[in-house]
Each structure stands twice: as C-alpha cells, then as structure tokens.
Amino acid sequence: MDELSSTLDYLLSIPSDKCKARGFTVIVDGRKSQWNIVKTVVLMLQNVIPAEVSLVCVVKPDEFWDKKFTHFCFWKEKDRLGFEVILVSANKLTRYIEPCQLTDEFGGSLVYDHMDWLNKRLVFEKFTKESTSLLDELAVINGNEKGNQQDKDRPPDFNFLPSFDPETVLQTGHELLSELQQRRFNGSEGGVSWSPMDDELLAQPQVMKLLDSLREQYTKYQEVCRQRSKRTQLEEIQQKVMQVVNWLEGPGTEQLRTQWGIGDSIRASQALQQKHEEIESQHSVIYVFYIKINTSISENAFSHSFQPYCLIVLMLPLIRVDVCYRQASQLEFRQNVLQSAHEFHGIAQDLSQQLDGLLGMLCADVAPADGAAIQQTLKHLEEKLKSVDGALQGLREKGQVLLEQISNQTSWSYGKDVTIENKENIDHIQSVMEDMQLRKQRCEDMVDVRRLKMLQMVQLFKCEEDAAQAVEWLGELLDALLKTHIRLGDDAQESKILLEKHRKFVDVAQSTYDYGRQLLQATVVLCQSLRCTTRSSGDTLPRLNRVWKQFTVTSEERVHRLEMASAFHTAAEKILKECPEHSEVSIDLETYEEVEAVGKSLLDRLTVPVVFPDG
C-alpha cells in the first residue's frame, strides 16, 4: 500500500493546478480482482487525494459481487469518502467518460503506450534534474569569476568545475524537445490519430525555458573558461620568461664556457656530440620560448587585453637578443668543431686498423706455392700500402682543418670574448698524426724488406724451375745420344765427321750441366739468405749429377766406338789402296790380321750394352 500511495502522490504532482481544479475521474478495474482489494484502493484514494477526485468508476466483472452488499458499503461510506463511487460495466463507461479519454480496452479511442510515456517521463525528469543542478553550478562559477575580476587580490578557484558536461545536457535537452515537438505535430507512428498528454504539452515550455537558461549560462561559462585559459597562458609565458633569463644567466653560459674538449677517440667524440646535442636542445627550447614571447607581445600589443602583458614587457629587457644570437653562433661553431673531431678520429681509427692489418700481413710467415702466388701477394701489399697512404693524407688534411678551427675558437661569457687555451687538443691532434706517420714509415720499411724477400723467392723459384729444366734438357740429350747417335760412318772421313759432331754435342751437354750447377748454387745462396729450405733443391742436384754421369759414360763409349771405327776404316782403306783389284801384289798377312782384329773388336763392342755407374 505504501508503494500505491507513493505512486498516487507522484502521478498527482504531474498535472498542472488548472487541471487539478477540474477534478479527476478515476477508473478502478475490478474485473479481475476481489471486492476487498477494490475497496482498499477506493479507500486509498480517499486518504491520498480526496480533494482532487470527483468521481470513481469501479468496473465490475461479469459475475458481479453481491449487489446489495457492495451497494450498502459504498452508500455507507459516501459521506466519509468525499467523492462519488459508481459501479459500471466496461461497455458503459462512455456514459460517464468521453471515448477519446478511454483506451481501447474500455471501449474508447485513446492511443496510449504506457512504457513509451514512462521512458519519456524519465528522460524529462533526468534532464530537468541535471539542467537545474547545472544552472545553479554555472551561476556560482560565473558569479565567482565576476568577483575575481572586481577583486584583483582574490585568488581564483580554478578547481571548481560543473558536475555535468554542459554539452551533453544541452544535447539531451534538444533531443527531448525535438521528440516532444515531433509527437505534437506528426502524431503517433503507424498513422493512428493521437494527441499528446497534458503533461507532455506542459513539458515543452519547461524544456525550452531550461535550454534557454542553459545556453545563456553556458555562454558565460565558456567566456569564463577562455579568461581562465588566457590567465593561465600569461602565467606560463611569465614563467617561461624567467626560465629564459635564468638559463641564459646560469647553465647556458656555464655549458658554453666548459665544453671545449674534442675527445681522444671516436667513442669519446661521439659522447661529446651527444652531450652537445643535449645542450643544443635546451638552447633551442629557450630560444623558441623567446620567439613565442615576442610573437605574443607583437600580436596583442594594441588589443584590449594588452594589460596582462605589461609584466612580460617589463621583463623583456632582461632577455638580451645578442645573448641568444651569440650563444647560437657558439653552438654552431662548437658543432662544427665536434663534427671535424669526429671525422678526424674516424679516419685515425680506420688508418690504425689498416696499419694493424698491414703489420699482421708483414709479420706472418710467407710460404707461397709458386711465383704467381708471390706476385699476387706483392700486389696485395702494394694495394694495402696505397690505401694507407690515402688514409694518412686524409688524416693530415682533416687534422689541419681541425687545428685551424681550434685556433679560431673563442669562449663567450655575457658579451666578452675570451681566447681558450687549446694546447692539450692541439698536442693531441699533432701526436696522433705523428704517431700514424711513424707507424706508416715502419710498415713501409717492412714492406721494402718483404718486397726484397719476395723478389728473392721469385728468383729462387725461377732458379729451381730452370735447374729442373736443365736436368730435363740433359736427360733429353742423353736419350738422343742413346737412341739416335748410333751410326759409326761408312769410311774414315765420315767417322771423323761423326766424331767431331759428337764432341760438339758433348760441349752442349757440358754447358747445360754447368748451367744447372750454377742455378743450384744460386738456389743454395738464396735459401741461406731467406733462411728456408726449398722443396726441390734436395733431389735436383743428385738427379743432375746422375744424368750427367750417365751422359758421360755414354759419351765416352760413343767416342771409343767412333775412334775404333775411324781406325778400322783407315786401316781397311790403306790395304785396299795398296792392293788394288785384280792386282797380283801380295798382301802382308800381319797387316791383314791386324785390320781383322780391329773389326772384330768393334763388332764385339757394339754388341755390349752401355753400363751406367749405378748399375
């Protein structure tokens, strides 16, 4: 019953006073309820809204309660209730109430959706509550802002913000007003005739009034926010002005005064560059602040809001334009010096690595396979040395540029140029260049030694190859002597000619042998100079001696045979000459036997093979 009482109170608060003065007709649908419940509802109306109720229509069910009992009860309570209660069937309600005020279930034509009405009512009440609260808060905020402008010493309350978002509340109000107006002029959906409820008609002007008030207060609030933002911006600019002044007078000058090193390596120069970039970043921020301050003052100098800038204008003389420009010039000069130092150390590091690589090649043992490998190694060394020369030249040029920059370097302290003592940096640069020059000179000396050694190895390989070639030639001469030098001549003259040719042939072989011996002796000398043992000198000399001994034995045998052939032909020719054909002159038997013995000896020698010294 408490819920019913609260519901009746809520419903009664919705209609206007004019509507309430007409009196309400209440329909109590008792078709599905017991009489006791209906009676309780009627009594509840008497307790809650007796003055506003003029008639209560109780819709009776088909199987009605005891007529005498119910009639007696209502008649008995008539004076106490204060309103008339009648019992009526559903189809007869139109006798007491117009059909346009009754829904379809009671035989009327009223189109009514209770859930739609309830949702709209909830939206309306939510908007009314939020907009009323927001109007109060905005009025307080705007009033405080007006008091702050009149009282300059009063601290502004920037933390006081409205509880609801004005944009959201205004949007909700506009949507609600649009919905109410649409329902009023267009009717309900589906084409059914519909007229708005009285509370909806009353809600429209309320919503419009609240929206107008909200827009007015919100416009003022936006102006308040702009003023707040402006004051905040001015205070921030003022703080930035002080930051510019303090930084220029303190850290900015100190950083420029103390940062003059160039580092002793590429890593150290990179660290200095990173530090310098941080200093430049800080200076850029300060310089941007300075530009923005000047721009803001220039834009607002003749506007109505110039007064807040007076403090900043008075502080601007503290920011000296030449300070910013001189610091920027110093920073740029310092950046160029550090860039040159980074390039100088980079070239020095690259040159050092090249010298280390070249030194490693020169210190490594050399064991080339042949002359082509030696030539390739020499070419590689020359290329390395040429690259080192180019890098050293680049180091000298970059070092000279860096020395000139350092010599022109000056320090600045609030307008005063002070020459910086850069002896340590100059000594470091010169020391690096001298050290690289000495290392390069040592490598050049070692390259000369290595080049000489390589050339000796080329000669060594050449001598070994030529000595092996001499052995091969001598072997070919021996093979020719054995296979082709077999004729002994048909007469004494031819044998002498063959003997003379053989002696020349032996002279050629002798010169080949001597040439091979000289090459092997040169090989020994080169090996001693290079302090190494060759692969072929150990067996080349024995091979040469063995072939030469074989050739000598074969040559001597050839000489003996030719001499015997020459003696045989001479003796035979003498006998034939002294004893012509058909001559009756007698032949000396001893002479004949002697010739015969020489011929047999020659034949026997020809059948015996040549035996070499090694068997």
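In this predicted model, the axes of helix H1 (residues 2-13) and helix H3 (residues 35-48) come within 10 Å of each other and cross at roughly 50 degrees. An angle of that kind makes H1 oblique to H3, and the crossing between H1 and H3 is right-handed. On the H1 side, the contact is formed by Leu4, Ser5, Leu8 and Asp9, while H3 brings in Val41, Met44, Leu45 and Val48. Sorted by class, the residues of this H1 and H3 contact comprise six nonpolar, one polar and one charged.

The chain contains 16 helices and five strands. Of its 615 residues, 35% are buried. The accessible surface of the chain amounts to about 37,500 Å², and carbon and sulfur atoms account for 53% of that surface. The contacts also tell a story about the way the sequence folds back on itself: when contacts between residues at least 6 apart in sequence are considered, 81% of them join residues at least 24 apart.

Leucine 138 gives a view of one such meeting of separate parts of the sequence. Leucine 138 sits in helix H6 (residues 114-150). Its relative accessibility is 0%, and because buried means under 20%, leucine 138 counts as buried. Leaving aside residues up to four places away in sequence, leucine 138 touches Pro162, Gln217, Tyr218 and Tyr221. Proline 162 is 24 residues from leucine 138 in sequence, yet the two C-alpha atoms are 6.7 Å apart in space.

Valine 224 belongs to helix H8 (residues 198-258). With a relative accessible area of 7%, valine 224 is likewise buried. In sequence, valine 224 and isoleucine 141 are separated by 83 residues, but from C-alpha to C-alpha the distance between them is 8.3 Å.

The crossing of H12 and H13 is left-handed. Within the H12 and H13 contact there are 21 nonpolar, seven polar and seven charged residues.

Next come helix H13 (residues 423-483) and helix H14 (residues 492-530), which pack at an angle of about 155 degrees with their axes 8 Å apart. H13 and H14 are therefore roughly antiparallel to each other, and H13 and H14 cross in a left-handed manner. The contact of H13 with H14 involves 21 nonpolar, seven polar and three charged residues.

What lies in the loop between H13 and H14? Glycine 489 is found there. At 12% relative accessibility, glycine 489 counts as buried. Apart from residues up to four places away in sequence, glycine 489 touches Glu494, Ser495, Leu498 and His569. Glycine 489 and leucine 499 are ten residues apart along the chain, and 9.5 Å separates their C-alpha atoms.

Is alanine 571 buried or partly exposed? Its relative accessibility is 26%, so alanine 571 counts as partly exposed. Alanine 571 and alanine 492 lie 79 residues apart in sequence, while 9.0 Å separates the two in space, taken from C-alpha to C-alpha.

Conventions:
Residues numbered from 1 in each chain as written. Predicted model: local features only at pLDDT ≥ 70, side-chain atom pairs only at ≥ 80, totals over all residues. Heavy atoms only, no water. Helix = DSSP H or I, 4+ residues; strand = E, 2+ residues; numbered from the N terminus. Buried < 20%, exposed > 50% of the residue type's maximum accessible area, 1.4 Å probe, protein only. Contact = heavy atoms within 4.5 Å. Areas by Shrake-Rupley, 256 points an atom, 1.4 Å probe, with all protein chains shown as cover. Axes fitted to C-alpha atoms, helices over the stretch in contact; angles between N-to-C directions. Parallel < 35°, antiparallel > 145°, perpendicular 65-115°, else oblique. Left-handed = near helix turned anticlockwise from the far one by under 90°. Nonpolar A, V, L, I, M, F, W, Y, C, P; charged D, E, K, R; others polar.
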